Amino acid sequence: MHNYIKSIILLLFVSITSCSDVIDVEVQEGQSRLVIQASLDWEKGTTGNEQVVKLSTSTEFFDTTSNTAVTGASVSVTNDVSSAEFIFIDQKNGEYTTSEFVPVLNESYTLTVIHNGETYSANETMMTVTEITNLYQGLEDGFDDEELELHVEFTDPEDEDNFYLFKFQKQGDLLPEFEVGDDEFVNGNELDWWYEIEEDEDTDKIEALAPGDVVSIEMYGISEAYYGYMDILIDQIGGVGIFSATPVAVKGNCINLTNPDNYAHGYFRLTEVNKASYTFE
């Protein structure tokens, strides 16, 4: 996530008494940081051997042209139980890949990234996820009982704390939507998670779900720490407007062992994931 913004000038044309005001807005600046995207996801029914870690640098908020890919780094992941080490090969485009990763549920792993003479480290456990038992559409449970919603049913495991990340993306939409949940009050129960798109009547840019729409679903089992990280991130992304408070930098779990003040953005996660698709009738 971009971590700083340069000073900008917003030209706001106010049609009051035919005057135009120029507002100079000073916004926070900060140093460029390493961004580590290390989501090692094991899809149910696959071996999980092929994994990718992406490295980049943060840029100014409105900079969409700079090449931020980080090359020449050293990236590895080690199983803390077996000591097996998996080397990720530099693809010279910011991606580091392996086809030899061995995911083991409930075992701990350590990520090591060496970049510009500094060593970054993060530790996480490969989390499990329960099966999706049913997908169906409905009208009654959403915010608007006239709009279609998608229901994802699953049974929460008993006698353990579970945290979930859901990713929904309607076919044709540029960006997905993320939601997080936990089983604090529903431990061990059969659960029904529903997803609805609220139509934006003012702009016509956001349309509610309709017959023929195809939605892809990804359901992840995640750690409590990652749940907290994503909960803050989703809240900030959903609430940012041009006159909103500038979001604070959300720190992940990647620690700079060489220079702690020069921390990295991003997160190292290991998750089991269900993937499915639903076509509305």
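Before I start on pairs of strands, a reminder to myself: two strands count as paired if DSSP finds at least two bridges between them. I also note that the model is predicted.

**Entry 1: strand E17 and its partners**

I started with Val-215, which stands opposite Tyr-278 in E17. The strands behind this are E15 (residues 214-222) and E17, and they pair in the antiparallel sense over seven bridges. Then I looked for E3 and found that nine bridges join E3 to E17, this time running parallel.

How much of E17 is buried? I got 11 of its 15 residues, so E17 is largely enclosed by the rest of the structure.

**Entry 2: the nonpolar cores**

Next I went looking for the greasy inside. The largest nonpolar core has 24 residues, and Ile-36, Leu-55 and Phe-268 touch the most other members. Strands E3 (34-43), E4 (51-57), E5 (74-79), E6 (85-90), E8, E9 and E17 (265-279) each give two or more residues to this core. E3 gives the most, with four residues. There is also a second, separate core of 19 residues, and its members include Val-129, Ile-132, Leu-191 and Leu-209.

I clicked on Ile-36 to see what it touches, skipping residues up to four places away in sequence. Its contacts include Leu-55, Leu-111, Val-113, Tyr-120, Cys-254 and Tyr-267.

**Entry 3: Phe-86**

I picked Phe-86, found in strand E6. Is Phe-86 buried or exposed? Its relative accessible area is 8%, and the cut-off for buried is under 20%, so Phe-86 is buried. Leaving out residues up to four places away in sequence, Phe-86 touches Val-75, Ser-76, Val-77, Glu-100, Phe-101, Val-102 and Tyr-109. I also checked a distance: Phe-86 and Thr-97 are 11 residues apart in sequence, and their C-alpha atoms are 9.8 Å apart in space.

**Entry 4: a three-stranded sheet**

Here I found an open sheet of three strands in the order E10-E11-E14, with antiparallel pairing. Which strands stand at the edges? They are E10 (132-138) and E14 (190-196); each has a single partner strand, so one side of each is left without a neighbour in the sheet. Neighbouring strands of this sheet are turned by 20° against each other on average, direction ignored.

I zoomed in on E10 and E11 (residues 149-155), which run antiparallel and are joined by six bridges. Gly-138 stands opposite Glu-149 in E11. A note for reading strands like these: in a regular strand the side chains alternate between the two faces of the sheet.

Most residues other than glycine have a negative phi. Asn-106 has a positive phi of about 70°, although it is not a glycine. I found Asn-106 in the loop between strand E7 (95-98) and strand E8 (108-115). Asn-106 is exposed, at 56% relative accessible area.

Asn-116 also turned up, with a positive phi near 55°. Where is Asn-116 found? In the loop between E8 and strand E9 (118-125). Asn-116 has 69% relative accessibility, and the cut-off for exposed is over 50%, so Asn-116 counts as exposed.

Key. Residues are numbered from 1 along each chain as its sequence is written. This is a predicted model: local features need pLDDT of at least 70, side-chain atom pairs count only at pLDDT 80 or more; totals for chains, interfaces and linings use all residues. Side-chain values use heavy atoms; hydrogens and water are left out. Buried means under 20% relative accessible area, exposed over 50%, partly exposed in between (1.4 Å probe, protein chains only). A nonpolar core is a set of buried Ala, Val, Leu, Ile, Met, Phe, Trp, Tyr and Cys residues joined through side-chain atoms within 4.5 Å. Contact means heavy atoms within 4.5 Å. Axes are lines fitted to C-alpha atoms, for helices over the stretch in contact, and angles run from 0 to 180 degrees between N-to-C directions.
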